[in-house]
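Here is a short report on one protein chain. Please keep the sequence and the 3D view open while reading.

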Amino acid sequence: MAKQNSDSRRAFLKNSLGALAAFTIVPRHVLGRGYLAPSDQLTKAVIGTGGMGRGHFGYAGTRVVALCDVDRSHLKLAMDQLGDKSKGVKTFADYREVITLPEVDIVHIATPPHWHGIIAADAARAGKDIWCEKPMTATIGEGKRLVEAVQQHGRIFRLNTWFRFEDRFYGMGTTVKPIKKLVDSGLLGWPLKVTVSKHTGFDWKFYWVGKTNLEAMAVPKELDYDMWLGPAPYRPYNPHRVHQTFRGYWDYDGGGLGDMGQHYLDPIQYFLGKDDTSPVSVEVDAPQQHPDAVGTWRRITYTYADGCQIILDGDGADEKAAYIEGPKGKLYPGFRSDIQDLEKKLAAFPDPAPQQTDFVDAVKNRRKFALNEENGHRSATLVNMGKIALRLNRSLKFDPVKQEFIDDAGANALVYQPMRGPWTI
């Protein structure tokens, strides 16, 4: 089975790269061959048709032409949901077949996170543009290699968390734009401390914890469990490991931190101006974690070279914390501040630079999307640094240039976590 998977993967990628080599700069529609004009819809394949995947069928400017899932019951639900639009839609159990389809412009990856890096990198090598769910990758090393693959093959990449450019940002009661404007204005001073907790409007979802007493059970006939596991270590099947509750296990995600971390932290990275760097340390205060099942934590503190900090307050110990605190002022949920006449003062400063927030336009015109492989990797690194520190239950020093931990072989072993054969990225 392993040799067959390895051989078929190489064959798929060899064929797809050869067939699509001419299309690495512009979408296939621009090149003609009787396909749709650039002003029309882009075609997409959705890989992973659970609840998240099925929730994104109707994105404006796109049309679903292929679906892929290792669970046949999910594929059926997806086809039923498409209804009349399912006519002509192809279905697959193996993503390697999907990424070779010449009629697919975009692949939307909505699998569990332990698959994100491999599928996205393979899709990039096959000439596809990519829309990927958060977290971008399950490890720091996968993120580094995915960035290389996307850029080497000239692809457009979008990470699906949108708070840096639209929508009300949880308890802040506003979009991120005025927060970015405030930080850039210097009215709060520097360095800044950002506290992410239930008191500042952010829920860490500690119900995403794993179970330590799982019994081995029979695999449902509709599920290819070996393919669901993919690069993750083999463990006996139990329904709590897969689908909605997979987030509670280190092999596939990282609990509430893995689920919500990139939603909460990517905008912070943006408004602090940290899109091209990472913290130099991460400190944890948490119970000892189980080696398989994710547990809870009390506090995670990230510190940057310039003294800025991000504090993840898990147990809500600091009830009076400001969302952002600087030497000159504080910002609280609801965009409240101790700075008098804040909005009037802020009006004198320029707005943040505009962002490329239309993914369809980005693909058609080959423009880098606002949240892309580079800054997405940096905010995923925040999540993955925290996961590693929690698993080891110790504070760590980090080199943001080399993107590895300093003098800690145990932590660096989790940067490039071993993958079960034949899977590689």
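## A covered helix

In helix α5, the buried residues are His-116, Gly-117, Ile-118, Ile-119, Ala-120, Ala-121, Asp-122, Ala-123 and Ala-124. The model is a predicted one. An α-helix has 3.6 residues a turn, so residues three or four places apart point the same way.

After α5 comes Gly-127. Its phi is positive, near 85°.

In soluble globular proteins, nonpolar side chains tend to be buried together. Here the largest nonpolar core holds 58 residues. Which of its members touch the most other members? They are Tyr-95, Val-107, Ile-130, Phe-157, Tyr-225, Trp-228 and Tyr-252. Helix α5 gives this core its largest share, 6 residues. A second core is separate and has 54 residues. Among them are Val-196, Tyr-323, Phe-398 and Val-415.

Tyr-225 deserves a look of its own. Neighbours within four places in sequence are set aside here. Beyond those, Tyr-225 is in contact with Val-219, Tyr-234, Arg-235, Pro-236, Tyr-237, Arg-241, Val-242 and Tyr-252. One of these partners, Tyr-252, is also listed with Tyr-225 among the core residues that touch the most other members.

## A parallel sheet

Strands of a sheet pair through backbone hydrogen bonds, either parallel or antiparallel.

Look next at the β5 and β6 pair. Strand β5 covers residues 129-132 and runs parallel to β6. The two are joined by 3 bridges. Cys-132 stands opposite Leu-159 in β6.

Most residues other than glycine have a negative phi, and most peptide bonds are trans. Several places in this chain depart from that pattern.

Trp-190 and Pro-191 are joined by a cis peptide bond, with omega about 0°. Pro-191 sits in the loop between α7 (177-185) and β7 (193-196). Gly-421 and Pro-422 are also joined by a cis peptide bond, with omega about 5°. Pro-422 is in the segment after α13 (409-412).

Asp-341 has a positive phi, near 50°, and is not a glycine. It lies in the loop between β13 (336-337) and α10 (342-346). Is Asp-341 buried or exposed? It counts as exposed, because its relative accessibility is 53% and the cut-off for exposed is over 50%. Arg-366 has a positive phi as well, near 55°. Its place is the loop between α11 (359-365) and α12 (373-392).

## The segment after α13

Trp-423 is found in the segment after α13. Why does Trp-423 count as buried? Its relative accessibility is 5%, and buried means under 20%. Trp-423 and Ala-286 are 137 residues apart along the chain. Their C-alpha atoms are separated by 32 Å.

Terms used: Residues numbered from 1 in each chain as written. Predicted model: local features only at pLDDT ≥ 70, side-chain atom pairs only at ≥ 80, totals over all residues. Heavy atoms only, no water. Buried < 20%, exposed > 50% of the residue type's maximum accessible area, 1.4 Å probe, protein only. Helix = DSSP H or I, 4+ residues; strand = E, 2+ residues; numbered from the N terminus. Core = buried A, V, L, I, M, F, W, Y, C linked by side-chain atoms within 4.5 Å. Contact = heavy atoms within 4.5 Å. Pairing = 2+ DSSP bridges.
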